[in-house]
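Here's a quick tour for anyone meeting this structure for the first time. Have a look at the sequence and the fold, then read on.

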Amino acid sequence: MSNPLLIDKNFNQPPKFSQIQNEHFKPAIESLIEESRTEIAHIVENQETPSFNNTIEALEKSGKALDRASAIFFNLNSAETNDEIQALAREISPLLTEFSNDILLNEGLFRKVKIVFEETDHTLLNPEQKTLLEKTYKGFQRNGALLNDEQKKELRTIDVELAQKSL
């Protein structure tokens, strides 16, 4: 049986809730995390000069299928939870937290974001682009990108603990 969370990654159709079973969530999210890691790696490894398009916009577009699957799961967890879904949440939440930290604490990725933020003429961007650039840069800053390695390690530990406790 195919996983309905992995079928329509372009979001051409609404989710087929009647086909989604609890056992679909963790494998789908694990698979989509790996796909998202590949998308992030392409941004980091891109040899072109960092630009709004190849860094900020590419980052914004990455992980959309993961965002969708996670949103479906956590909405279900909030609206119609049960012991099985709560157990899954305790497994899935740390995976997503770790992945989020892998992005926000990625020095190579932040270096590119910082270059775009500092070297782009903000007056040439439309209001949406300006907002996205500022939110992206500040998001990295506020989530530990400027910390040293020891502080980043401590932040990761705290974030995983918070993810577990917030459930």
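**A first close-up, then the bigger picture**

A polar atom in the side chain of Asn 3 sits 2.9 Å from the backbone nitrogen of Leu 5, a polar contact (a pair of N or O atoms within 3.5 Å; within protein, one must be able to donate a hydrogen and the other to accept it, and residues adjacent in sequence count only if both atoms are side-chain atoms). Before going further, note that this is a predicted model, where local features need pLDDT of at least 70 and side-chain atom pairs count only at pLDDT 80 or more, while totals for chains, interfaces and linings use all residues. Residues are numbered from 1 along each chain as its sequence is written, and side-chain values use heavy atoms, with hydrogens and water left out.

**Overall make-up**

- The protein has 7 helices and 0 strands, both taken as DSSP runs numbered from the N terminus (helices are H or I, at least four residues; strands are E, at least two).
- Read from the N terminus, the order is simply α-α-α-α-α-α-α.
- The C-alpha trace spans about 50 × 40 × 25 Å along its principal axes.
- Of the 167 residues, 37% are buried, meaning under 20% relative accessible area with a 1.4 Å probe and protein chains only (over 50% is exposed, and in between is partly exposed).
- Among contacts (heavy atoms within 4.5 Å) with a separation of 6 or more, 70% join residues 24 or more positions apart.

**Surface and charge**

- The accessible surface comes to about 10100 Å², and carbon and sulfur atoms account for 49% of that; the areas come from the Shrake-Rupley method with a 1.4 Å probe.
- There are 19 positive and 28 negative side chains, and the centres of the two sets lie 3 Å apart; Lys and Arg count as positive, Asp and Glu as negative, and His and the chain ends are left out.

**Back to Asn 3**

- Asn 3 belongs to the segment before α1 (22-45).
- Asn 3 is buried, at 13% relative accessible area.
- Leaving out residues up to four places away in sequence, Asn 3 touches His 24, Pro 27 and Ala 28.

**Helix α2 and what follows**

- In α2 (residues 52-61), the buried residues are Phe 52, Asn 54, Thr 55, Ile 56 and Leu 59.
- Those buried residues pack against α1, α4 (83-104), α5 (107-119) and α6 (127-142).
- Ser 62 is in the loop between α2 and α3, and with a relative accessible area of 13% Ser 62 is buried.
- The Ser 62 side chain reaches the backbone oxygen of Leu 59 at 2.7 Å.
- Not counting residues up to four places away in sequence, Ser 62 also touches Glu 39 and Ile 40.

- Phe 73 has its place in helix α3 and is buried, at 0% relative accessibility.
- Setting aside neighbours within four places in sequence, Phe 73 is in contact with Phe 25, Ile 29, Ile 85, Leu 88, Ala 89 and Ile 92.
- From C-alpha to C-alpha, Phe 73 and Ser 51 are 34 Å apart in space, and they are 22 residues apart in sequence.

Technical notes
The place of a charge is taken as NZ of Lys, CZ of Arg, CG of Asp or CD of Glu.
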